[in-house]
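Open the model in your viewer and keep the sequence panel beside it. This tour says what to select at each stop.

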Amino acid sequence: MSSTFSEWHADDRLIERYAAGVLDPATAASVEAHVLRCRACRTTVAGHAPAARLALAWSAVTERIDDPSPGLVERSLRRLGLTESDARLAACAPAMRLAWLAALVAVLLFCVVAAAQGDVGPNLFMVLAPALPSIGVGLAYGPWTDGTYEVGRAAPYSAVRLLFLRTAVVLAVTFVLSGAAGLVVPGHRNGVVLWLIPAIALVTGTLALSAWLPPAWAASVTGGTWLAAVVAYWKSQGSVDPIFGPAGQVAAGVVFLVACLAIDRARRVHAYDVRRFL
Amino acid sequence: MTTSPSALVADGLTKSFARHRALRGVTFTSKGNTVGLLGPNGAGKTTLLRIIGTVLAPDGGSVRALGRDPANADDRLELRRRLGYLPQEPGFQRGFSAFEFVDYVAILKEWTQRRARHDEVRRVLALVDLSAESGRKIRRLSGGMRRRVALAAVLLGDRALLVLDEPTVGLDPEQRLRFRDILSRVGGDRTVLLSTHQTEDVAAMCDEVVVLHEGAVRFQGPPASLAALAEGRVWFADERDPAAQLSWRAGDGRHRHVGDPPAGATTEAPTLEDGYLLLLGAPAQAVPA
């Protein structure tokens with residue numbers, strides 16, 4: 001050992017004990033201060049560093065760098081109790097994209113503003129609100145809306161599980177936004193709840209049809225049928241209120257039950273898993 | 001990971017889309033390690049690969065891959081666990097980086113334990129030489145790099161069967177060479193089924209070739225046997241020979257002809273492309289290897 005700093009180097013035994021982490025704190029700090037300034041000793045330390053410990057440290061570093069940072073939707077889903085992988089799959093639904101959410105908010109705002117300015121508004125909200133969740137479900141999964149759809153079909157993850165997982169997320173978001181809009185739509189008593197059962201019926205209908213059709217088609221069928229029927233009634237009667245009366249709610253409940261039976265049947269025969277066309 | 005002697009068996013596969021008959025009774029049994037599926041546009045290659053990849057159900061006939069029948073739910077699930085499938089036009093989730101995309105596909109492939117999954121994602125990205133680009137957004141990657149990202153997702157896990165639909169389409173010659181190199185590194189004793197328009201790819205990578213034309217198998221056998229179909233039927237001449245079945249002007253200005261050579265013509269050694277072109281130019285019938 002020389003007396004000048006630039007020529008002094010820690011001996012092998014000291015370096016070895018330092019690399020193994022068995023030095024007392026004061027000596028370790030002293031060696032570390034030197035190693036930081038001395039290239040030769042750094043090289044010697046590298047030779048003594050335990051490979052397993054280094055690999056572990058490197059793995060932790062790369063893990064921290066690579067770990068995808070979850071977006072707002074994914075973080076929210078994880079807070080609600082979904083596993084990390086389920087939250088990722090659900091949050092990637094095309095219907096969770098900002099464009100869809102913005103369009104949804106715009107439609108609801110339009111309904112609210114229209115209602116404030118005339119008689120059309122309350123009816124417009126009651127026509128559109130039940131159809132919006134099923135449109136969201138149609139956009140959540142399928143060959144034309146999900147870029148990874150084909151890769152997903154060839155993967156072991158259950159297609160029906162993915163569809164239902166995304167449906168749940170879409171419903172939660174759509175119901176909250178539509179419910180909030182229903183609270184402020186003027187001129188329609190109970191507007192906040194009357195559309196719920198028809199909306200659930202349309203969503204279950206969409207899910208049932210999705211066993212045989214791409215979900216976007218299924219949503220077009222259910223949403224289109226609803227809109228055509230309700231608008232025709234509105235035109236002829238001047239109001240859509242009777243549709244949401246007791247008879248209408250019972251009819252929606254029946255549709256819901258029939259759709260549930262169809263979903264169960266389709267699931268049993270693996271209809272969601274075997275595609276006849278893309 | 002050892003695949004069965006007959007890793008792929010198709011028996012009378014049919015598939016129609018509205019009035020279009022995409023497959024008209026495709027039957028073949030493949031024992032090759034790397035099988036090339038050749039055929040012109042609309043031959044039914046993508047439909048066949050989608051059926052083998054369990055993405056699509058046939059209208060008729062049956063298929064067995066790795067000894068599994070995709071029509072059976074348990075077999076289908078087991079096959080999907082051992083399958084890597086690259087679609088013709090792989091889509092990507094918007095806004096994902098290369099790492100995030102492969103990680104997403106890894107979740108679909110049942111890698112639920114995050115740390116192990118991320119290690120696997122890093123492994124496959126390294127296999128396709130994309131470690132340095134793993135954090136880049138996919139939309140900022142070149143077409144060749146995107147193709148490699150998609151290939152990395154295919155390679156996740158210990159896949160016994162790789163089904164690749166036109167993996168080299170849109171790649172420049174250097175990228176195609178790189179792809180061949182990757183495939184030769186990961187191939188091992190996996191079964192690889194790839195479709196392509198490029199006879200060079202088949203000649204370079206495949207030990208077996210299946211030619212599809214108008215939804216039916218026109219040839220099956222080793223690439224050398226396909227080339228041999230044109231044995232003694234390729235010749236050069238200064239002028240185009242109207243009697244030739246096919247002819248085109250080569251780089252040296254002379255005309256390369258495929259067909260029945262005129263008397264006295266000196267024939268050339270045929271390439272795989274010669275055999276393929278001759279086969280497709282011939283009347284539609286299955287040609288034994």
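Two strands count as paired if DSSP finds at least two bridges between them. Keep in mind throughout that this is a predicted model.

**Stop one: strand 1 of chain B**

Select residues 8-17 of chain B, which form strand 1. Pick Leu8(B): its bridge partner in strand 4 is Ala65(B).

Lys15(B) has Leu23(B) of strand 2 as its bridge partner. Then go to the turn of this hairpin, where two residues lie between the strands. Ala18(B) has a positive phi there, near 55°.

**Stop two: where chain B touches chain A**

Show both chains. The contact draws 33 residues from chain B and 26 residues from chain A. On the chain B side, colour helix 2 (73-81), strand 5 (83-86), helix 3 (98-108) and helix 4 (114-127); each gives two or more residues. Which element of chain B gives the largest share? Helix 3 does, with seven residues. By class, this side of chain B has 17 nonpolar, seven polar and nine charged residues.

**Stop three: helix 14 of chain A**

Select residues 215-237 of chain A. At 1.5 Å a residue, these 23 residues should span 33 Å, and the end C-alpha atoms are 32 Å apart, so the two values agree. Buried residues of this helix include Pro215(A), Thr222(A), Trp226(A) and Val230(A). Finish at Gly238(A), which follows the helix with a positive phi near 85°.

Methods
Residues are numbered from 1 along each chain as its sequence is written. Chains are lettered from A and ligands numbered from 1 in the order in which they are written. This is a predicted model: local features need pLDDT of at least 70, side-chain atom pairs count only at pLDDT 80 or more; totals for chains, interfaces and linings use all residues. Helices (H or I, at least four residues) and strands (E, at least two) are DSSP runs, numbered from the N terminus. Two residues are in contact if their C-beta atoms, placed from the backbone, lie within 7 Å. Ala, Val, Leu, Ile, Met, Phe, Trp, Tyr, Cys and Pro count as nonpolar, Asp, Glu, Lys and Arg as charged, and the others, Gly among them, as polar. The expected span of a helix is 1.5 Å times one less than its number of residues. A residue is buried if 20 or more other C-beta atoms lie within 10 Å of its own, exposed if 12 or fewer, and partly exposed in between; C-beta atoms are placed from the backbone.
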